[in-house]
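This report describes a protein chain by its secondary structure, its pairing of strands and its charged contacts. The sequence and structure come first.

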Amino acid sequence: MADQTDPHNEPELPSPTLWPILFAIGIAVLLVGLIINPLWISPIGGAIAIAFGVLWARDATADLRGQQVEVAPERRSAEAVAVEQDAPRAPKRFGRNKFLEGATIGLGGVIGGIVTVPVAGFALLPPFLGQKKHEVDLGPITDFAEGQWYITTFTVDPAQGEVSRRTAFIRNNGPLTVEGAAVPSFTIISNRCAHLGCPVQANGPSGQILGMKNVVQHTANGQVTLVPAVPAGFGCPCHGGQYDTEGNRTAGPPVRALDRYGYLVKNGRVVLQSQFSVSHVDGTGAQAKIHKYKFVGPGEHIDGPEQILYPLNPPHH
């Protein structure tokens, strides 16, 4: 029998590896991504965690399979070698330390999931569920004189009352020829600054200063007020952001152009639809080419590599 006190009989310890550290980094990226950008960063973190978790498990089981207790060849007798060769090999046992390590990791993952998933669900899902699409009737198209700007205030959801009151700058661009037919064209710009969301104002006279009367309509969405204006552009009184009459940023801290509203003309009435974000606008009026993107929050880039650094926005109507 081999001398059990011989240092050559001691099993080799598993070799050090970076896989656990990289696995932990993947989990950290996954959790941070749930807050910053679940659409892009979380999948990357999950992929990193899965890849290095598999490598970690493979190395751990390989070390377990490779552990053998051997006696130095020079100290083994010929009889011992012959007996070892003829005797059937006993299957390797799964060490208790490996079982405890795997059980601890698995139980920790289950507990983490039980704690994290409900909290993440309650925090992240509500804005993405139960969203209603609202259309706003702004009144007959005849209320909007061709070429005239109007500072228009309206209520998006009458059930919410004044908290849903919004303002937009609207200009009737006149008819636009599409496939041989003349269709109405409007420029409808949100007054929410693309920097931090402050209310943008028209840079120019409006209302009674022009000797023009305000137009007040009562529609299915409540009161709609049209105040005539002659803006040279639009400006934010909070931080000095400036925009031209197409909503393009001309000065100050905003990172993009002003947002816009979609619209339809139904039965001779102007109907406002969902907002969308704009990087910039080429041209003016009915001939403008609008570079549009899905609606995002103030201060967010939408057309460059910086866009992946911002959180996923809930659907907006």
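Helices (H or I, at least four residues) and strands (E, at least two) are DSSP runs, numbered from the N terminus. On that basis the protein chain has four helices and 13 strands. The model is predicted, so local features need pLDDT of at least 70 and side-chain atom pairs count only at pLDDT 80 or more, while totals for chains, interfaces and linings use all residues. Residues are numbered from 1 along each chain as its sequence is written, and side-chain values use heavy atoms, with hydrogens and water left out.

**Confidence and overall figures**

The pLDDT, which is the predictor's confidence in each residue from 0 to 100, averages 80 over the protein chain, and 78% of the residues score at least 70. Residues 1-8 stay under 50 and have eight contacts (heavy atoms within 4.5 Å) beyond four places in sequence. The pLDDT is also below 50 over residues 68-72, a stretch with eight contacts beyond near neighbours in sequence. Where pLDDT is low, the predicted coordinates should not be read in detail.

Of the 317 residues, 32% count as buried; here buried means under 20% relative accessible area, exposed over 50%, and partly exposed in between (1.4 Å probe, protein chains only). Among contacts with a separation of 6 or more, 55% are between residues 24 or more positions apart.

**Helices**

G33 is found in helix α1 (residues 19-36) and counts as buried, at 0% relative accessibility. Leaving aside neighbours within four places in sequence, G33 is in contact with P38, I41 and S42.

I111 has its place in helix α4 (residues 96-124) and is partly exposed at 45% relative accessibility.

**Strands**

Two strands pair if DSSP finds at least two bridges between them. An open sheet of four strands has the order β5-β8-β9-β10, with antiparallel pairing. β5 (201-202) and β10 (249-251) stand at the edges with a single partner strand each, so one side of each has no neighbour in the sheet. Two bridges join β5 to β8 (residues 234-235), and the bridge partner of A202 in β8 is F234.

Strands β12 (residues 269-282) and β13 (residues 289-293) run antiparallel and are joined by four bridges. V281 has I290 in β13 as its bridge partner. The two strands form a hairpin with six residues between them, and G283 in the turn has a positive phi of about 85°.

**Salt bridges**

The structure holds seven salt bridges, each a side-chain nitrogen of Lys or Arg within 4 Å of a carboxyl oxygen of Asp or Glu. Three of them are listed here.

| Pair | N to O distance |
|---|---|
| K266 and E135 | 3.3 Å |
| E162 and R165 | 3.0 Å |
| R192 and D259 | 2.7 Å |

R192 lies in the loop between β4 (181-190) and β5, and D259 in the loop between β10 and β11; the pair links parts of the chain 67 residues apart. Both R192 and D259 are buried. Salt bridges that share partners also join R171, E246 and R260 into one network.

E162 counts as exposed at 56% relative accessibility, whereas R165 is partly exposed at 26%. K266 is partly exposed, with a relative accessible area of 37%, and E135 is partly exposed at 32%.
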